[in-house]
Amino acid sequence: MSHVPSEEGGLSEAAPEVNNQDLLDNPAQKTGNAPEDQVPHVVNEASPSSTSSFELLDMDSAPAPYREVQPHWFFCPRGDENTTWLPFSREDSDKLENALNTVGDKEGDEVVIAVDGERYDVHVRERMRYAVYWEQGPTEVRRCSWFYKGDKDTKFMPYPEDFCKRLEEAYMVAVTLNEWKTKLEFPSGETVILHNPKLIMQYQPVGLQDEWQSSPSEQTRPRTVKRGVGNITVEIPEGEPEKVDHLVFMVHGIGPACDLRFRSIIQCVNDFRSASLSLLGSHYKRAQQDGQVGRVEFLPVNWHSALHGDATGVDEDIQRITLPSISRLRHFTNDTLLDLFFYNSPTYCQTIVDTVASEINKLHTLFKQRHSGFNGAISVVGHSLGSLILFDLLTNQRNGSNARQGVLSGEFLHHDTLQDTLTRLGLQQYLDTLQAENLDLESLALCQDSDLKDLGIPLGPRKKLLNYIRKKWLSEDSKNRAGRLPPGIQVQPEGSSDQDGNQSSAASKRRAHFHRAQSVTSAVEYEYFDVGIGQTNGGIAKGQVSINYPQLAFHPQTFFAFGSPIGMFLTVRGLKHIDPNYSFPTCKSFYNIYHPFDPVAYRIEPMIVTEVDLEPMLIPHHKGRKRMHLELKDSLTRMSMDLKNNVFGSLRTAWQSFARIPVAALPPLDEANTTIENDLQESQASAAVSASTKREEQRADFWTKVLEWPRALHKHNLQGTCEEAESSESAEQREQPEIKVGMLNEGRRIDYVLQEKPIESFNEYLFAIQSHLCYWESEDTALLLLKEIYDKLGVAFEQPQQ
């Protein structure tokens, strides 16, 4: 059986009939479903793809011997459509081909091959591709050897494997017997004609053509058919190195889309990974050749789907109160902007931080299982609200012996057993269910509501059990929480003063506890009413809700924040100053990276160093220079300052020359008049000469700079290598003494700003939204991450030549 192209380019199954007779000897031969008189009409058309073109080929030359085609494996990136096909790398394609040759297509155990840096698994017999680290539907995989392209197609598309097999058999017969003009006919009407080795066409029946096309000639326009991936234009990606030097988890911000093309976090991280691989090949080429550098793995962390899923039911609640007008805008607001308010809610904030931490820990476990030899460091990246989530998580990590044991391994677990707890709550009927899953109190404390729901426990008992465990642990943990407050990030209480101006100690302690509870230095505690819909700081509250920050299973090496509102949120929470001695308990490096026009981004350094106004560090262009428009702006600024200084300097010199006229011993009265007149004439003449001379010098200096400026820019373009960049940076560093900016980044600078593009500098308001979403495609940002990672590994950075 083979396949026939459908209306959308798909192929339906059909069995072809092979006719090796000359078409010219049988012009009236008919097929089952398509009128044969259409084929000669197309064949005789005066077009580059018609049969007249193959008459110019040398058909008398000796035929080349038949060689079996080398197949290449392709995959469909999306499971809901099969109109886009992308090739695997040669390395992955060879692995799939070798696996197929080893086991064959016969029924048996499934063979699974890891591809794309082991982020996907291909089931060879099933011909399906499954994602490993994130939720994504399975997509089809094909072993391709024949391809087609219509006049309106931009690239060749692969045929199904059965269709390729039939075409290859016909091609082999034609080459072996040197009998061309072979026609393959399909019951559904498709016709493939092998005119010669270089001209193979597919003709479609009229019934399957687009009914909106105007003329019969357009309806019967053939498709070009090519054999082998080497005869088509396709970009086959390079394989990724097996060695992973560093692992990076990337957390998205508000909403399900991460850029202006409404792509998901998975697609954006894929682009960021590709950019990093390209930069490794250009900036660490020698280290790659020496085997010192492998690659950096970037994995996406998706928390939006868990927040807006069926488990929380928040979307249904919001939809019931949403007005029907401007529905698209309101849907966008509910799906995107409300994430900010959810994070400020104690209920949904707990869901968000639990999801982020559990997802990171799950991905970390999967990665370690698939890369058992990995011993590199791990970093985290947060964009927008995702950076704030990571900041709160890292601030509340524990740097001690229990840091890696999970957040709920409290002391109360040593006193009670699972049976005692269930008996106390009247839930002993679920003991067998929990013990069947090998759950004890410690592992049960790590479970979420969805986990117990999967075990078949009803809503009431599971809420009762989880609430008991959380309250029990919080009551024990609150005794030691004050001692675990990070000393660096604290809000200074404003207590009442006595007559000596000293604050009341009791009032100060109460206010300090309240402010600290609201800051990110500890688990944020909110007091609420019985009904749970309000937040108050008064004494009428019946209970207390606390955000319980889970612990990560590793200590991150570096935290990168993209377009982060951390500074704004800390200020809104009442934090005005960060102690320079403060650092994250388990993470020693922190970079705040932002675009100058990003409306969501805020700085961090002014909250640490308040006495000095520091400019942010300018991130170099990945080609090793400033952007041209920034160089032009700096050159014009320096030129105007030089001219301004020269003009004011000349006026100052002339004025001082007038003011310093010597007033020595006065001559006699008769001689005084002539002497004064002569002195005045001489001083006026000299002043006029000096003023005219300075004006000529200023004009000459001005035009010299104007004429030499294009030459300087040309020299910068041709010879602006890394040495010039380093010399300019060293000159700027000599102008500004090095300042230690706290311990959040081990004393190094924290705020780093990207260079805006030339088109963005025309109107910063037009590109504000785009500036907040540009980090996923920024090669400058990716290079900064790579440089920080490999600097700590001791790998030399190379600036490519222009």
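**Entry 1: Arg119**

I began with Arg119, which I found in the loop between strand S6 (112-115) and strand S7 (120-123). Strands here are DSSP runs of E of at least two residues, helices are DSSP runs of H or I of at least four, and both are numbered from the N terminus. The model is predicted, so I note that local features need pLDDT of at least 70, side-chain atom pairs count only at pLDDT 80 or more, and totals for chains, interfaces and linings use all residues. Residues are numbered from 1 along each chain as its sequence is written, and side-chain values use heavy atoms, with hydrogens and water left out.

Is Arg119 buried or exposed? Arg119 is buried, because its relative accessible area is 5%. Buried means under 20% relative accessible area, exposed means over 50%, and partly exposed lies in between (1.4 Å probe, protein chains only).

I then listed what Arg119 touches, not counting residues up to four places away in sequence. Tyr130, Ala131, Val132, Tyr133 and Trp134 are among them. Glu240, Arg273, Arg295 and Glu297 are on the list too. Contact means heavy atoms within 4.5 Å. I also checked Arg119 against Ala131, 12 residues apart along the chain: their C-alpha atoms are separated by 6.3 Å.

**Entry 2: positive phi**

I looked up Arg127 next. Arg127 sits in the loop between S7 and strand S8 (128-131). Its phi is positive, about 60°, although Arg127 is not a glycine. Arg127 has a relative accessible area of 10% and is therefore buried.

Lys181 is in the loop between H4 and strand S12 (182-185). Lys181 is also not a glycine, and its phi is positive, near 55°. I read 24% relative accessibility for Lys181, so it counts as partly exposed.

**Entry 3: helix H4**

I checked the length of helix H4 (residues 161-177). It has 17 residues and reaches 24 Å from its first C-alpha to its last, close to the 24 Å expected at 1.5 Å a residue. The expected span is 1.5 Å times one less than the number of residues.

Which residues of H4 are buried? They are Phe163, Cys164, Leu167, Glu168, Ala170, Tyr171, Ala174 and Val175. I kept a general point beside that list: an α-helix has 3.6 residues a turn, so residues three or four places apart point the same way. After H4 comes Asn178, with a positive phi near 55°.

**Entry 4: His283**

I found His283 in helix H6 (residues 265-283). His283 counts as buried because its relative accessibility is 2%. I left aside neighbours within four places in sequence and listed its contacts: His622, Leu783, Ala796, Phe797, Glu798, Gln799 and Pro800.

Two packed helices are described by the angle between their axes and the distance between the axes. Axes are lines fitted to C-alpha atoms, for helices over the stretch in contact, and angles run from 0 to 180 degrees between N-to-C directions.

I took H9 first. Helix H9 (residues 314-321) packs with H10 at about 110°, with the axes 12 Å apart. That makes H9 roughly perpendicular to H10. Angles of 65 to 115 degrees count as roughly perpendicular, under 35 as roughly parallel, over 145 as roughly antiparallel, and the rest as oblique. Val314, Ile318 and Gln319 of H9 make the contact with Asn334, Leu338 and Phe342 of H10. By class, I read four nonpolar, two polar and no charged residues. Ala, Val, Leu, Ile, Met, Phe, Trp, Tyr, Cys and Pro count as nonpolar, Asp, Glu, Lys and Arg as charged, and the others, Gly among them, as polar.

H11 came next. H10 and helix H11 (residues 346-370) pack at about 100°, with their axes 5 Å apart. H10 and H11 are therefore roughly perpendicular to each other. Phe342, Tyr343 and Asn344 in H10 meet Pro346, Tyr348, Cys349, Ile352 and Val353 in H11. That contact divides into seven nonpolar, one polar and no charged residues.

I finished with H12. Helix H10 (residues 327-344) and helix H12 (residues 385-395) pack at about 15°, with their axes 11 Å apart. That makes H10 roughly parallel to H12. From H10, Asp339, Leu340 and Tyr343 meet Leu385, Leu388, Ile389 and Asp392 of H12. I read five nonpolar, no polar and two charged residues in this contact.

**Entry 5: whole chain**

I noted 25 helices and 24 strands in the protein chain. Of its 802 residues, 44% count as buried.
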